Amino acid sequence: MTPAVTAAVLLAAVTHASWNAIAHKITDKLTGFTLIAGGGLLIGLAMAPFAALPARGAWPYLLISAAIHVVYYALLMKSFRLGDFGQAYPIARGTAPLVVTVLAAVFAHEVPDGWAAAGVAVSCAGLTGVALWGLRGRRPDWAAIGAALATGLAIAAYTVLDGLGVRASGSSLGYIAWLMAIQGVVIPAYAVWHWRGRTDAQLRPYAAVGLLGAALSVAAYALVLWAQTKAELAPIAALRESSVKRCSCSNNLAGKGAGRRVSAEAWAF
């Protein structure tokens with residue numbers, strides 16, 4: 001991995017962590033996901049006319065990835081209702097690079113060398129340590145852990161699909177634009193149906209911070225997609241998860257005495 005690619009992925013991690021830091025302001029998670037997805041939809045549609053249309057071979061990857069992103073959001077919202085997912089979420093992010101390593105070896109024929117494999121292992125071990133530290137003194141919430149593992153599989157699946165898709169697209173900018181535009185339809189459509197006439201009142205108080213979060217989310221993932229055209233998938237996936245460790249450390253400090261829910265909301269996106 002070149003210094004430029006490493007810098008891009010680290011910048012993506014910082015950008016992702018920055019959004020997590022402001023996610024506390026959106027207390028209702030459906031509202032947060034609606035603003036993120038809807039903002040991504042608007043940004044994608046605005047970018048699409050100025051970017052090359054992805055090549056035909058990229059579209060199967062793009063469409064399946066968009067569907068898995070929606071499943072990922074649904075798993076997160078389901079997990080928040082379990083009440084203790086904040087401590088289990090590092091498991092999701094920690095298992096993803098391991099699964100990406102296996103999937104990339106099978107489908108992209110990328111077998112990491114010793115140093116890359118060691119980096120993936122260290123990253124996953126660090127995230128697992130964060131999860132175990134958060135669970136100290138309490139019985140594990142197996143339902144939340146199961147949701148975390150399912151979420152990790154979803155993360156790994158869309159990571160590999162997008163890595164293969166963006167390489168086949170011929171345009172990382174075009175790929176991110178259409179990915180955001182397509183995946184951004186479902187959650188807002190569900191929210192409009194769910195709220196039934198209360199959509200404006202539900203979204204208005206958080207619109208500014210939500211759209212800022214959407215911009216940061218798109219920027220972070222665009223950097224990751226560009227990096228995936230330049231380097232192997234597994235090391236990028238592992239390096240990207242450094243954002244979770246930044247968020248988890250700060251939120252563990254902030255959450256002392258504030259209950260479990262603080263951490264759960266901190267890793268919303």
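Is Tyr72 counted as buried or exposed at 5% relative accessibility? Tyr72 counts as buried, where buried means under 20% relative accessible area, exposed over 50% and partly exposed in between, with a 1.4 Å probe and protein chains only.

This is a predicted model, in which local features need pLDDT of at least 70 and side-chain atom pairs count only at pLDDT 80 or more, whereas totals for chains, interfaces and linings use all residues. Residues are numbered from 1 along each chain as its sequence is written, and side-chain values use heavy atoms, with hydrogens and water left out.

**View 1. Tyr72 and Tyr73 in an aromatic cluster.** The structure holds six aromatic pairs, a pair being rings of Phe, Tyr and Trp (its six-membered ring) with centres within 6.5 Å, and planes under 30 degrees apart counting as stacked, over 60 as edge-to-face and the rest as tilted. The ring centres of Tyr72 and Tyr73 are 5.7 Å apart and the planes stand at 40 degrees, so this pair is tilted. Tyr73 is buried, at 9% relative accessible area. Ring pairs join Tyr72 and Tyr73 with Phe33, Tyr158 and Tyr221 in a cluster.

**View 2. Tyr190 and Trp193 in helix H8.** Tyr190 is partly exposed at 40% relative accessibility, while Trp193 is exposed at 52%.

**View 3. Arg196 over the face of Trp193.** Arg196 lies 4.4 Å from the ring centre of Trp193, the criterion for a charge over a ring being NZ of Lys or CZ of Arg within 6 Å of the ring centre and within 35 degrees of the ring normal.

Conventions. Helices (H or I, at least four residues) and strands (E, at least two) are DSSP runs, numbered from the N terminus.
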